[in-house]
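This report describes selected features of one protein model.

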Amino acid sequence: MSEAIKWVEKDPLKKNVFWPTKAMKERAWVSDESIYAEAKADPEGFWARQAEELHWFKHWDKAYEFAPQNYKWFIGGKLNLSYNSLDRHIEAGHGDRIALIWEPEPVDEEAVKLTYKELHRLVSKLANVLKGLGVQKGDRVGIYLPMISEAVIAMQACARIGAPHSVVFSAFSPDSLRDRMIDAGAKVLITADGYYRRGKAINLKKSADAGAEGTPVEKVVVVKRLDGNVPMNAGRDLWYHELIEGVSAECPAEQMDSEDLAFLLYTSGTTGKPKGIMHTTGGYAVQSYITAKWDFDLHEGDIYWCTADVGWITGHTYINYGPLMNGVTSVMYEGAPDVPDCGRMWAIIEEHKITQLYTAPTAIRMFLKWGDEWPSKYDLSSLRLLGTVGEPINIGAWLWYFERIGGGRCPIIDTWWQTESGATLVNNLPGIGPFIPTVAGRPFPGVIGRILDAGGSPVPAGEGGYLSIFSPFPPALTRGIYGDMERFKVQYFSDYGPERYYTSDGARVDEMGNVRITGRVDDVMNVAGHRLATAEVESALAQSDKVSEVAVVSRPHDIKGEVPVAFVLLKSGVERSDEIRKELIKTVDSIIGPTARPDEIIFVDDVPKTRSGKIMRRILKALVRNEPVGDLTTLQNPGSVDHLKEMVGYSG
């Protein structure tokens, strides 16, 4: 087990600090703290050294160049993401390694395992198919696929010929697909007839057909995942399995300029149209490669599982490009974690001998709620490292993950990053640590991150502020919003100037330089003059052994300005009562202080969540403020909203 020391401060959230063992330090790629000072002294040189590990058709002339909203990395360099993911390993004699394991949801179907050679062959075939459909370098291709191996094949095929892909989460509505295809100007869409989710066959083709209407899409390539019993639009729709028959498996990788567009990925805020986040080839390749390698301690023979969907940036970087550029085995799972029962995750880990597991706090809290009996049925001893992503993790979930899933022997790499950053920005490294519940860690070497006050000045240790990233910017950082560079400038650089990227996240740093993310700034309350993140109140409430999940939002108050309102889901068998409500308030009082005390605690059976499992706090916020709740089409449980309206007396 990791060595543990007691934290010297009075903050109960920091009472456990775990350090890497000698064995961890010896195995890890980096175990000397001097890497931080070295990278800080020369960020450009640091990233250039990491870039040397990849294959370049032509070496860059200059590592970094800065101009307002027009920064560049590895200027003049030529490379290809697909070549670095596949050809590089085959040429090194590793073509027979397993590149991808795809686990279908139905338990009567066998997992599919593709070697690097086999994956290369399928990627090259689809790349030639796309060329045959008129796709040229620079043309955008839409990908609307579920969690099947063809999703990775499609992304790699696009990268191979230099056609930027725009992946749309398969659970998004037709309207969401249409908006993205129109904005991207996609001429080809790759989709499937359907997929399995919680034992049901989902018709994806129907959504794809509706979403393709009124867009520039000329051809639709359809993967046959189900029985193929879907309408096919003559002259437009083509079966994937028929197209790749007889097509050459030889397709040389396009030499891409380092600053050529690699892909678009759309993010949506609470208002406004989706933003097409632009990622370019060279910087993204370098940062996704080295962060995957160092963060997750990837070595030859590792079998790594990131549970995200390919429709999100996490799936792009840490299912597809990052692991494959490192030559390890990446695992994909099609379905839900409770099919056929709540032990499916742990059964997959046991069966495939997973070495690294990267998942979300939402999922961890769900596993915790299901109970220890499920993971205890399976052998999880193959796990060597655990990771979290997507939102700040509360202490109860962190410790359960560490003790029950990792057996107290696996470091937890708590990563903070964004769609815009392309790869991780803040987390501690497995060979250096420390690993502190609820604390992400230090900025990755070469990333210059600082906590600023509203005026742009650094705040002292322990005080809350705004997390900003300084130039030289990390290589994978977005180069803009597609078709709207003015919006890019205003949203990310207007507050502190062109050399400081504004993340919209609040944070605080301790004396050791470790960063705790406190949540989006629009989730920060001003309670009686005190800045307070809703995530901090959530973390405090979640320490109760009676609570399974909690969401906190702010509500206006005549005297205090704003006050916290907590929606609390109790664990199975726990009865709601005023006694528990008082107990929870005392918990917040003792951990944060009376300022953070919830003005109201509402016991609920469910809270609105996206199809990827994230709590939609903006809806909860609208409910307690009696404001319009907005679009509900991306919710997995829209019925929960009507129930909550009754509970809070909503009339908006």
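Strand 18 (residues 303–306) and strand 19 (residues 329–333) run parallel and are joined by three bridges. Within this pair, Y304 lies opposite S330 of strand 19. The model is a predicted one, in which local features need pLDDT of at least 70 and side-chain atom pairs count only at pLDDT 80 or more, while totals for chains, interfaces and linings use all residues. Residues are numbered from 1 along each chain as its sequence is written, and side-chain values use heavy atoms, with hydrogens and water left out. Helices (H or I, at least four residues) and strands (E, at least two) are DSSP runs numbered from the N terminus; two strands pair if DSSP finds at least two bridges between them.

The open sheet has seven strands in the order 7-6-19-18-20-21-22, with mixed pairing. From one strand to the next, the twist averages 20 degrees.

## Helices on the sheet

Helix 6 packs on the sheet and touches strand 6 (98–103), strand 7 and strand 19; contact means heavy atoms within 4.5 Å. The direction of helix 6 makes about 140 degrees with that of strand 6. Angles run from 0 to 180 degrees between N-to-C directions, and axes are lines fitted to C-alpha atoms, for helices over the stretch in contact.

Helix 11 (residues 313–325) also packs on the sheet, touching strand 6, strand 18, strand 19 and strand 20 (356–359). Its direction makes about 165 degrees with that of strand 18.

## The nonpolar core

The largest nonpolar core has 166 residues, and W346 and L357 have the most contacts inside it. Such a core is a set of buried Ala, Val, Leu, Ile, Met, Phe, Trp, Tyr and Cys residues joined through side-chain atoms within 4.5 Å. Helix 6 (residues 149–161) gives the most to this core, with nine residues.

Not counting residues up to four places away in sequence, W346 touches L357, F367, W374, P375, Y378, L380, W400 and I405.

## Helix 3 and helix 10

The axes of helix 3 (residues 43–51) and helix 10 (residues 281–295) come within 9 Å and cross at roughly 80 degrees. Helix 3 is therefore roughly perpendicular to helix 10 (65 to 115 degrees). F46, W47, Q50 and A51 of helix 3 meet V286, Q287, Y289, I290 and W294 of helix 10.

## Helix 19

Buried residues (under 20% relative accessible area, 1.4 Å probe, protein chains only) in helix 19 (residues 617–625) are R617, I619, L620, A622, L623 and V624. They pack against helix 17 (534–541), strand 30 (547–557), strand 31 (561–570) and helix 20 (639–648). N626, which follows helix 19, has a positive phi near 60 degrees.

How values were computed: Angles under 35 degrees count as roughly parallel, over 145 as roughly antiparallel, 65 to 115 as roughly perpendicular and the rest as oblique. Buried means under 20% relative accessible area, exposed over 50%, partly exposed in between (1.4 Å probe, protein chains only).
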